[in-house]
Amino acid sequence: MNGNGITDYLKNLMGKPSVPIIILVTAILLKFTLFMLFSVLEGDKLFQVIAGRNLVLCNGLTYQYVSSSNLSVEIFEPLNRWPPAYSLLFAFLYSFIKNEMICCLLIDAVAVVIFLVTLKKILHLIHFPPYVINLILLFFGAVETVYIFHHPTDLLTLGVFLIVLYWSMMFSISPQQPAKTGYLLGVLNFLPFFLRYLYLPSTLLLPLFLVWAGFKKKDKRMLRGGINAFAVTIILSAGLLLFQKVYAGHSMYIMPAEKGIFWSNLLTLHPALV
């Protein structure tokens, strides 16, 4: 069988009506198996899990530590390096299932399903060939990436962001959806930032794109929907930052640094100067 024959065979095989559901289930199982094999409670995940557990134990969204000067006293520090969404979701599950690893794996399972199902919908929406969609799903199901280890919100946040992207695309191509749909888009658009600070610029770009597209196409429905989504996103994001400032002392994980001119930092330039 020559190269063209193999390609045609794969296209026919991957394009059969019964194959997509088999491929999707296989990709989900592969990805979740990787999470089960490599998932560990350390780093970012451990801090957020502790905060969720402490919330259930009526100690607030905090993580505890001890001072070297007094090892007998636990000090509870408000969670200020990460948004509270993952800890809140963990706390909800932990209130029913008193096992940290099982709760984390359940969240991972939800993240895997959201990511792969939504990715499939987006690929269908932009008219990728069925065999290409199936190959992409298999690839993302089998690939091993850094978020598997101890970054609990990466895949979940990406999956939620894909949901926002999908519904933004549906809103832009569906004239029957009213401009008020933008309010719902704004709430959905806030969720990636609620899970991870890094997504704030991305969440602002999507509604701004709807505003720009509505202005260029002279589509008042899309323009108003984008403005509504942007306004809701800004209000909710500002509310989260205010909550973090009041509750944890800092709006984000960037801690205030001592200000001044530190001439000793010039010493680190010597490799470049040489």
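Modeller: Arginine 81 lies over the face of phenylalanine 47, at 5.3 Å from the ring centre, where a charge sits over a ring if NZ of Lys or CZ of Arg is within 6 Å of the ring centre and within 35 degrees of the ring normal. This is a predicted model, in which local features need pLDDT of at least 70 and side-chain atom pairs count only at pLDDT 80 or more, while totals for chains, interfaces and linings use all residues. Residues are numbered from 1 along each chain as its sequence is written, and side-chain values use heavy atoms, with hydrogens and water left out.

Colleague: Which residue has its charged end over the ring of phenylalanine 171?

Modeller: The charged end in question is 4.5 Å from the centre of the phenylalanine 171 ring. The residue that carries it is arginine 221.

Colleague: How far from cysteine 104 is the nearest cysteine sulfur?

Modeller: Taking a disulfide as a pair of cysteine sulfur atoms within 2.5 Å, the count comes to 0 disulfides. Cysteine 104 is accordingly in no disulfide, and the nearest cysteine sulfur, which belongs to cysteine 103, is at 6.9 Å.

Colleague: Is cysteine 104 buried or exposed?

Modeller: Buried means under 20% relative accessible area and exposed over 50%, with partly exposed in between (1.4 Å probe, protein chains only). Because its relative accessibility is 0%, cysteine 104 counts as buried.

Colleague: Which residues form one aromatic cluster?

Modeller: Rings of Phe, Tyr and Trp (its six-membered ring) pair if their centres lie within 6.5 Å, and by this rule the count comes to 12 aromatic pairs. One aromatic cluster is formed by Phe47, Tyr63 and Trp82.

Terms used: Rings of Phe, Tyr and Trp (its six-membered ring) pair if their centres lie within 6.5 Å; planes under 30 degrees apart count as stacked, over 60 as edge-to-face and the rest as tilted.
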